[in-house]
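Hello,

Here is the structure I promised to pass on. Please look it over, then read the notes below.

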Amino acid sequence: MFAVIREQIDTIFREDPAAKSILEIVLCYPGFHAALFHRLAHKFYRAGVPILPRAISQFSRFLTGIEIHPGAQIGRRFFIDHGSGVVIGETTVIGDDVLLYQGVTLGGTGNEKGKRHPTIGNNVVIGTGAKVLGSIRVGNNVKVGANSVVVHAVPDHSTVVGIPGKVVRFRAPEGVLDHGMLPDPEGQEIEDLKQRVAELEQQVKALLKQEDTTATPVSR
């Protein structure tokens with residue numbers, strides 16, 4: 001258990017430049033508290049203990065503002081930055097070295113049975129307010145932009161932006177998600193359409209001009 005706590009603290013120091021001391025992390029980081037409470041609740045959940053796992057998760061939610069169902073499977077070096085409003089569903093599977101920002105939802109899309117929440121790969125960053133919904137897989141080394149809504153599978157080494165989320169290729173330093181530099185596929189499509197309309201206008205004007213110059217004068 002002490003090894004898990006030490007690893008969690010090291011992860012926070014690595015991911016959050018605002019972290020100043022171990023005492024600050026232990027006392028003031030809701031993501032740290034939520035991760036430890038979840039690991040305890042998950043052990044009881046897997047052991048088949050009734051009620052207690054949910055009671056622990058609800059206490060953790062009250063304390064941290066983060067709701068993680070005790071059935072969710074979470075890998076090592078998991079970190080929730082700021083944390084408020086994060087929701088993680090029962091059948092969610094999260095790999096190693098995953099970073100979530102505040103307001104993230106890893107949820108379902110309805111009343112499905114069985115596996116109904118997403119599977120998140122290793123080294124994934126999910127931005128503020130993003131929603132990943134349904135039994136889909138988000139691959140390794142994926143970045144999900146802020147407020148994106150992801151409802152389809154995402155391949156490895158890609159970035160997802162928009163509503164609904166669209167996959168784009170975007171090179172960034174490992175583990176970094178620069179929200180100010182994310183691609184804008186909708187904006188690019190609009191620019192492409194504007195350019196195409198301008199080209200068509202030029203073609204129409206050229207045709208009209210050609211007709212004017214080749215028109216035969218009417219004899220009187």
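A definition to start: patches are built from residues with over 30% relative accessible area and no salt bridge, joining like charges within 9 Å and nonpolar side chains (Val, Leu, Ile, Met, Phe, Trp, Tyr) within 5 Å. Accessible areas come from the Shrake-Rupley method with a 1.4 Å probe, and for residues only the protein chains shown count as cover. A salt bridge puts a side-chain nitrogen of Lys or Arg within 4 Å of a carboxyl oxygen of Asp or Glu.

The model is predicted: local features need pLDDT of at least 70, side-chain atom pairs count only at pLDDT 80 or more, and totals for chains, interfaces and linings use all residues. Residues are numbered from 1 along each chain as its sequence is written, and side-chain values use heavy atoms, without hydrogens and water.

**Surface.** Phe13, Ile22, Leu23, Val26 and Leu27 make up a nonpolar patch, with about 440 Å² of accessible area together. Helix α2 (residues 22-28) gives the largest share, 4 residues. Helices here are DSSP runs (H or I, at least four residues) and strands likewise (E, at least two), numbered from the N terminus. Ile22 sits in helix α2.

What lines the largest cavity? Ala34, Phe37, His38, Ala41, Ile56, Ser57, Ser60, Ile66, Glu67 and Ile68 do. A cavity is a set of points on a 1 Å grid over the protein atoms alone where a 1.4 Å probe fits but cannot get out; lining residues have an atom within 4 Å of a point. α3 (30-46), α4 (52-64) and β1 (67-68) each supply at least two lining residues. The largest share, 4 residues, is from α3.

Best wishes

Notes:
On a 1 Å grid over the protein atoms alone, a cavity is a set of points where a 1.4 Å probe fits but cannot get out, and a pocket is an open set with protein on both sides within 12 Å along at least five of seven lines; lining residues have an atom within 4 Å of a point.
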